Amino acid sequence: MDVLYTIFIDPFVQMAEAPDFLLQVVWEGFVAGILYALIALGFVLIYKASGVFNFAQGIMVVFAGLSLVGLHEMGVPALLALIMAIGVMAILAICIEKFVMRPLVGQPDIILLMATIGMTYFLIGLGEFIFGGEPKQMITEELGLPTGSTAFEMDNGGLVILQHIDIAAAVIALIMVGGLAVFFNRTRIGRALRAVADDHTAALSVGISLNQIWAIVWFAAGIVALATGIMWGARSDVSFALEIVALKALPVLILGGFTSIPGAVIGGLIIGIGEKIGEIYWGGLVGGGIESWLAYMIALIFLLFRPQGLFGEKIIERI
Amino acid sequence: MNSPAAHFSLHGRDDGLNPGDVLLDVRNVSLAFGGVKAITDISFDIRKGEIRAIIGPNGAGKTSMLNVINGFYHPQQGTISFRGEARRRMQPHAAAASGIARTFQNVALFKGMSTLDNIMSGRTLKMHRNFFWQLLHVGPARDEEIANRRKVEEIIDFLEIQHIRKTPVGKLPYGLQKRVELGRALAMEPDLLLLDEPMAGMNLEEKEDMSRFILDVNDQFGTTIALIEHDMGVVMDISDRVVVLDYGRKIGDGTPDEVKNNRDVIDAYLGVPH
């Protein structure tokens with residue numbers, strides 16, 4: 001009975017006893033979830049337009065962050081460095097389209113996946129060559145991002161502390177998601193993106209240039225990567241370790257569906273909040289450290305019941 | 001004509017050509033995939049304002065011919081002149097930009113998108129505001145969107161598909177999908193419209209509707225049309241001239257009556273051994 005109590009009753013008793021602490025945990029999870037969602041968003045963009053699982057999204061985050069900080073270290077003012085980092089992502093997108101996507105057009109998906117793995121290692125090498133392998137401090141203040149924190153007092157006297165940078169991350173993520181949704185649904189290029197995702201031949205026949213669309217998609221994913229790099233870098237450092245953290249986007253994508261932008265956001269939040277609550281309230285039972293694998297567990301269970309994800313397109317094969 | 005279409009126009013560009021002038025000229029085109037010859041030394045022309053049918057038994061090279069014309073395939077030999085400009089290699093989006101639109105044998109629509117969005121995608125080349133304007137989605141980019149949307153609504157009225165404007169096309173019956181695909185091609189305001197079996201798999205009533213739309217498009221907008229079709233009744237009814245292919249070669253070319261009485265054509269259809 002003791003075991004059942006510690007698993008099913010005790011955690012909830014703890015939550016009820018210290019609601020301020022629970023709120024703090026949920027908020028931490030929410031912020032982590034937003035960052036997962038941002039990374040997942042980059043994956044979704046590319047997957048929607050070219051059906052490629054872009055293994056390199058993680059390193060793109062690192063590379064974008066490194067470019068920004070690296071340029072600043074070389075003496076470029078922060079805002080100019082930001083604009084130049086956007087330029088770097090644009091150049092990267094054009095190069096990927098020209099040297100990777102275009103020669104491999106029409107190849108099986110697995111080939112493209114391998115190509116993105118290759119790109120990952122290329123970018124790791126290039127990044128270390130240019131900026132060195134040391135972790136770098138994100139230039140949070142120089143970019144005009146808030147750094148303080150606000151404490152809210154609860155009825156019972158407890159405190160919930162919100163970092164301003166986290167609030168900014170949430171707001172920026174929201175704006176990006178909203179912007180992308182409008183862009184995809186209401187504009188010519190957005191429509192062209194969806195058209196390419198749907199049927200290459202038909203897209204070509206109405207005058208859509210696949211090359212241009214792919215460059216734009218990789219650029220959009222690059223912008224998302226830059227935003228992610230800034231936000232994540234502000235919380236820890238900009239280092240190559242982020243590349244591994246980016247794989248957390250996998251369970252998020254399984255949960256949200258590979259093709260859905262809202263799915264990426266909601267999937268990110270579920271994973272972020274779920275793993276924080278799991279770690280704090282249940283982690284102790286197995287000696288802690290469940291944060292690193294809980295997300296994959298959730299995704300695995302999810303796969304059994306809804307393989308297309310929460311919002312993914314249902315796959316119906318007509319026979 | 002009393003159709004609502006009388007009030008709007010989908011004329012292609014003013015290219016100085018008069019009806020009856022050669023719009024597209026195919027000269028000695030050959031196409032092979034490895035050792036398999038799909039098209040062998042074919043020449044024919046399409047004149048402005050006409051409905052030109054391409055017929056022939058299965059595997060005759062009809063669809064390959066369309067694919068050559070709109071740039072999906074690049075022939076090993078021969079040239080194609082469109083409005084007097086000769087070319088051999090052309091990318092599909094460049095063909096689209098020069099005024100060639102098409103539909104496909106097995107409907108190639110954007111299945112996840114609504115009828116409206118599918119037809120809007122045909123306006124891609126008519127919209128010029130760049131990436132950053134579109135990202136902002138204000139001012140000129142918005143005006144442009146609205147103006148093009150108006151044109152699309154007119155096409156939807158013309159094709160009598162108002163009731164399915166918001167329906168994802170994947171859910172539509174086959175006959176309607178074909179009509180949406182025609183709408184998407186029309187939205188490009190093409191000079192030359194290529195239709196690959198526009199009536200395949202349709203029942204009699206749907207075929208009659210589609211024939212009427214094709215004739216209306218040709219009649220009211222002066223659009224030149226090249227079509228592949230297996231229903232001989234329809235072909236003989238609506239086309240001005242017919243070119244007949246068999247085993248990748250041209251075996252007949254002329255008015256429907258001439259073709260009907262051509263010995264080679266009759267043999268090809270009845271299966272006389274070569």
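In the predicted model, helix α11(A) passes helix α12(A) in a right-handed crossing, a crossing being right-handed if the near helix is turned clockwise from the far one by less than a right angle, and left-handed if anticlockwise. Helices (H or I, at least four residues) and strands (E, at least two) are DSSP runs, numbered from the N terminus. Helix α11 (residues 249-256) of chain A packs against helix α12 (residues 261-282) of chain A at an angle of about 120 degrees, with the axes 8 Å apart; axes are lines fitted to C-alpha atoms, for helices over the stretch in contact, and angles run from 0 to 180 degrees between N-to-C directions. The two helices α11(A) and α12(A) are therefore oblique to each other, the class left over when angles under 35 degrees count as roughly parallel, over 145 as roughly antiparallel and 65 to 115 as roughly perpendicular.

In chain B, strand β1 (residues 22-33) and strand β2 (residues 36-47) run antiparallel and are joined by eight bridges, where pairing requires at least two bridges found by DSSP. V29(B) stands opposite I42(B) of β2(B), and the hairpin formed by β1(B) and β2(B) has two residues between the strands, with G34(B) in the turn adopting a positive phi of about 60 degrees.

Between the chains, 27 residues of chain B are in contact with 22 residues of chain A, contact meaning C-beta atoms, placed from the backbone, within 7 Å.

Residues are numbered from 1 along each chain as its sequence is written, and chains are lettered from A and ligands numbered from 1 in the order in which they are written. As this is a predicted model, local features need pLDDT of at least 70 and side-chain atom pairs count only at pLDDT 80 or more, whereas totals for chains, interfaces and linings use all residues.

Terms used:
Contact = placed C-beta atoms within 7 Å.
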